[in-house]
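Thanks for coming, everyone. I'll keep this brisk. Please have a look at the structure before I start talking.

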Amino acid sequence: MTLRQYYLELLEKLIAIPSISAQAANLPEAAQLIVNSFSELGADITYDDQFFAPFILAKFDSSLPNAKTLVIYNHYDVQPAEPLSLWHSDPWQLLNKDGKLYGRGVNDDKGNLTARLTAIAEYLDENNQQLPVNIIFVIEGAEESASQYLENYLTQHVIDQESSLIIWESGGKNAQESLEIFGGNKGIVTFELSVTTAANDLHSSLAAVVDSAPIRLSRAIASLFDQKGNIAVPLFDEDVLLPNEREKSLVASLPITQDALIKQHDLKVSLYSDRNNTDFKESLYFKPTINVEGIISGYNGSGVKTVLPAQASAKLEARLVPNMSPDKTLQLITEHLTKQGFSDIVVKKTLGLSGYRSDMSDPEIVRVIGTVTDYYHKEPSVLPTSPGTGPMAIVQNIFQAPVASFGVGYSQTNDHAPNENIRLIDYYQHIDVIKALIDSYKTKIEK
Ligand SMILES: [Zn+2]
């Protein structure tokens, strides 16, 4: 059996464990399997199960003096598989069919983890068990639940660890079949707004003299924006890290267009960038946002109920760009609501993560771009940030190195959705690219 087959079997075993962090299900089982596989390859393991999802640090040391250190971040938890009826196969059984692998977590993020482990196993096997670079895997099991304890854990366990580069969990090829390399992501603060306007729901005839809770709440939400959809909270974007010229030009060269977005989602509302005459791509990648995720209030059953609801609540989020603090942002929003006369609106924070962007001209990022270009004989699509969110800033802050995110996925990978899948060819290519990247440390580059 080849090493590739051997670790493909590991992937199969991992997929068979429904390690769902949102339900705190089967997390130690998945973690233990990973620990065994890394130990088998000779990694130095720190296993910590004081949190509900065990953390794993797995180190492979280079025998070279002054070797650099590569950090690889992955997670073993997955999203729930529901709705099961939309899957064409059992989500917890790896299906290898027509050049594709199907299963929950095959891309996000178990397939990336096993591909990278395979790369190290093959590299060691082909190079006399020697690595030209130290490699540290940081593996957690609560990424899909906002990485609640990651910062706490890393601060306790990783002290003064100098490193050169962080390879992020995932990524893949875009619809044009170019490999994408992301250097950052947005941060987020999620929160709930709620209001109670009376001890109980009232007869709606009282609307002549009393505001309902949904009216009160929607006015408060509306006060966060001006007529054109600009965020009206004073100082909201005061700390925003503005994109530099290289970042602007990287984003400008992306093949996405406004028209394609309108068509893809059959959009029936005007775009922010049209109303405000701003650049569509720059808004998408570099602008912070406030969004309403959901509103609940009153009677929504069939027929009519003439009621004046006394309670209303909404879930909101603000997507943050680097340098914006989740807590400070929420404080600005709270102060704004109070100043607008909405001190009765209760604000409750649910989650917060800072954003981060790498300097895409850093020599270590240039190393990744060069390795990928050499391997594919094609320039990758390089992006300073993804519009999405993750705990990148936490890991970056601890290891103090630039981040490159790329992986085994492609444009129809269906992360978090039914029929999550990857293509075997992309999986094997990722193994090769990680091996080439490791090998590039044989010839040192100056920093
Ligand atoms: Zn993930």
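This is a predicted model: local features need pLDDT of at least 70, side-chain atom pairs count only at pLDDT 80 or more; totals for chains, interfaces and linings use all residues.

I'll go from the domains to the helix pairs and then to the strands.

Domains, then. The protein chain splits into two. Domain 1 takes 3–183 plus 358–442. Domain 2 takes 186–240 plus 288–353.

Next, helix packing. Two packed helices are described by the angle between their axes and the distance between the axes. I have two pairs to show you.

Pair one is H1 with H3. Helix H1 covers residues 3–15, and helix H3 covers residues 110–126. Their axes come within 9 Å and cross at roughly 155 degrees. Why call H1 and H3 roughly antiparallel? The cut-off for that label is an angle over 145 degrees, and therefore H1 and H3 qualify. The crossing of H1 and H3 is right-handed.

Who makes the contact? From H1, we have Leu3, Arg4, Tyr7, Leu10, Leu11, Leu14 and Ile15. By class, the H1 and H3 contact counts eight nonpolar, three polar and four charged residues.

Pair two is H11 with H13. Helix H11 is residues 363–376, and helix H13 is residues 424–439. Here the axes lie 10 Å apart, at an angle of about 130 degrees. H11 and H13 are therefore oblique to each other. H11 crosses H13 in the right-handed sense.

Which residues of H11 meet H13? Val368, Thr371, Val372 and Tyr375. Facing them in H13 are Asp432, Val433, Ala436 and Leu437. The class count for the contact of H11 with H13 is six nonpolar, one polar and one charged.

H13 also takes us to a sheet. H13 lies across E5 and E19, and runs at about 70 degrees to E19.

That sheet is open and has three strands, in the order E4-E5-E19, with antiparallel pairing. At the edges sit strand E4, 95–97, and strand E19, 421–423, each pairing on one side only. On average, neighbouring strands in this sheet are turned by 20 degrees against each other, direction ignored.

Zoom in on one pairing. Strand E5, residues 100–102, and E19 are joined by three bridges, in the antiparallel sense. Where does leucine 101 find its bridge partner? In E19, at isoleucine 422.

Last stop: E1 and E2. Strand E1 is residues 44–48, and strand E2 is residues 55–60. The two run antiparallel, with five bridges between them. A hairpin of six residues links E1 to E2. Opposite threonine 46 stands leucine 57 in E2.

To recap the helices: H1 and H3 are roughly antiparallel, whereas H11 and H13 are oblique. That's my tour. Over to you.

Conventions
Residues are numbered from 1 along each chain as its sequence is written. Domain bounds come from an automatic or database domain assignment. Axes are lines fitted to C-alpha atoms, for helices over the stretch in contact, and angles run from 0 to 180 degrees between N-to-C directions. Helices (H or I, at least four residues) and strands (E, at least two) are DSSP runs, numbered from the N terminus. Angles under 35 degrees count as roughly parallel, over 145 as roughly antiparallel, 65 to 115 as roughly perpendicular and the rest as oblique. A crossing is left-handed if the near helix is turned anticlockwise from the far one by less than a right angle, and right-handed if clockwise. Two residues are in contact if their C-beta atoms, placed from the backbone, lie within 7 Å. Ala, Val, Leu, Ile, Met, Phe, Trp, Tyr, Cys and Pro count as nonpolar, Asp, Glu, Lys and Arg as charged, and the others, Gly among them, as polar. Two strands pair if DSSP finds at least two bridges between them.
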